[in-house]
Amino acid sequence: MINFDEEIKKFQPSLEVEEAEDAIYNNDVPDLTDLINKIVDDTAKDK
Amino acid sequence: MRCYKCGGVLSDSNVCSRCGANVAVYKKAAKASNAYYNLGLAKARVRDLTGAVESLKTSITINKRNIEARNLLGLVYCEMGDVVEALSQWVISKNIQSAENPAESYITRIQSNQNRFEMISNTIKKYNQSLLCAQEQNYDMAVIQLKKVITQNPKLIKAQQLLALLYIKDKEYGRAKKCLNAVLKIDRNNTLTLRYLDEIEKLSAVKDPQSSFLPKKQRVISEPAALNGNDVIIPKSSYKEPSNGAITIINILVGVLIGAALIWFLIMPARYKGLTEDYNRSLAEYSEQLSSGNVELNSLTKQLQEVTAQKESVEQQLEQLNGTGGSNKLLNAVIQSADSYIANNKTDAAEKLIDVDVSALPTDEAKALYTTIATATMTSASTEFYSKGTTDYNKKSYDTAVEFFVKAYKCDKTNVNAVYYAAKCYVALNQPDNAKTYYQYIVSDFATSGYVTEAKSYVDSH
């Protein structure tokens, strides 16, 4: 049975043109490669 | 594969030959990212767009520099109607690698048609507004907005799904199904869509509670497709083309006759009317010209008459000045009479004054001269003329006799004998009109004379 209120919460707004710039600038998050390299570097430093 | 630090081309070694960085983990991560990219590509090829998005997102989470995955993700977003999301991915891809990147051409193509891009952007805004309305329980406004959105951007899957959800809430399962089927055409294995469809099936089946112990054959719900505002109902036509050639020819002939009749009754009268109007207009113009010409002619004729009258008047004045007539003529006669009187020729002097009207003389001196001469000569001249006339009358020379008798009368208006014998001479000369004139003188001026009876008799008989 579909619960309308629960389902409506799952819908997210789409990216608009005015928000695109901020979304692009904030996209520079570290990926898995960066994280693993960081871990490796930290481990190497500890040694 | 390139080094994540310096961008140098990597070899089989786990160390970058350019910067010396340890690229072993990076290589493994890159391979994993590529694997997810391949998975996403396979899903996209079979139109499992939702699955492709998940795989590609995982790919770029592992390796954000995987531009193929980003470009493909952009394409998938574009196909799902999220054009702005797609543009974001391509811009990031272009920033990572600006040279030889297909993302640049994708961006150019989107931006080349500004009107369409603006329309798509507006549909995304309206979708967001509709979502807000639905969350605030303003369902009617949300439905209205979403209908406009899917009309302008039918590929926006989120809008179709949200509208379907609202229809399900209002138990309009047919319309909801239409929206969900439209989504399935774009995104074949969209989980949410499949779930909604399954729910609709269940809800529709609940309406029909009849059931037997045997498993019921799955009835295809032959519900007619729900209508929306854009559907056009075309009634089934009962027209059938005639197959007989003769009827076709007859139809053509009838059509030609109708066309000819239309031309005759509608177009020709208008044309004639136009021609008649032109003719009448021309006639009116000519009449006007003719009238103005006549008026001018009348005016000129009147002027001519006035000028002629003036000319005659001037000629008369000129005549008088030149002495060829008028008062000058009378003065000349008086002067000549005076000359004759001075020469003791009384008869001639009187004869000169016979035809002069004393009242017409211009000056008092002339009148006085006339009176003097007339008093002195007229009586004797009358006697002399009468005598000469009698002589000629006795000789039956009536033409000369009548002249003397007339002169005698003119010199002496009391000389009834002269009048009588003048009348007698005119009778003898067979001039009844002149004779009657002189007999009338006797009747009117000499009523007591002995000639009056004869005169009356002649006048009455002529």
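Among contacts in chain B between residues at least 6 apart in sequence, what percentage join residues at least 24 apart? The share is 46%, where contact means heavy atoms within 4.5 Å. The model is predicted, and local features need pLDDT of at least 70, side-chain atom pairs pLDDT 80 or more, while totals for chains, interfaces and linings use all residues. Residues are numbered from 1 along each chain, chains are lettered from A in the order written, and side-chain values use heavy atoms, without hydrogens or water.

Chain B contains 18 helices and 0 strands (DSSP runs of H or I, at least four residues, and of E, at least two). Of its 462 residues, 34% are buried, that is, under 20% relative accessible area with a 1.4 Å probe, protein chains only.

The largest nonpolar core has 41 residues, and B:Tyr438 and B:Tyr439 touch the most other members; such a core joins buried Ala, Val, Leu, Ile, Met, Phe, Trp, Tyr and Cys residues through side-chain atoms within 4.5 Å. Elements of chain B giving two or more residues to this core include α12 (327-342), α14 (364-394) and α17 (432-445). Apart from this core lies another, of 32 residues, among them A:Ile8 and B:Ile150.

The axes of α6 (residues 114-135) and α8 (residues 157-169) of chain B come within 10 Å and cross at roughly 25° (lines fitted to C-alpha atoms over the stretch in contact, with angles from 0 to 180 degrees between N-to-C directions). The two helices are therefore roughly parallel, a term for angles under 35 degrees. In α6(B), B:Tyr127, B:Ser130, B:Leu131 and B:Ala134 meet B:Lys158, B:Ala159, B:Leu162 and B:Leu166 of α8(B).

Conventions:
Buried means under 20% relative accessible area, exposed over 50%, partly exposed in between (1.4 Å probe, protein chains only). Angles under 35 degrees count as roughly parallel, over 145 as roughly antiparallel, 65 to 115 as roughly perpendicular and the rest as oblique.
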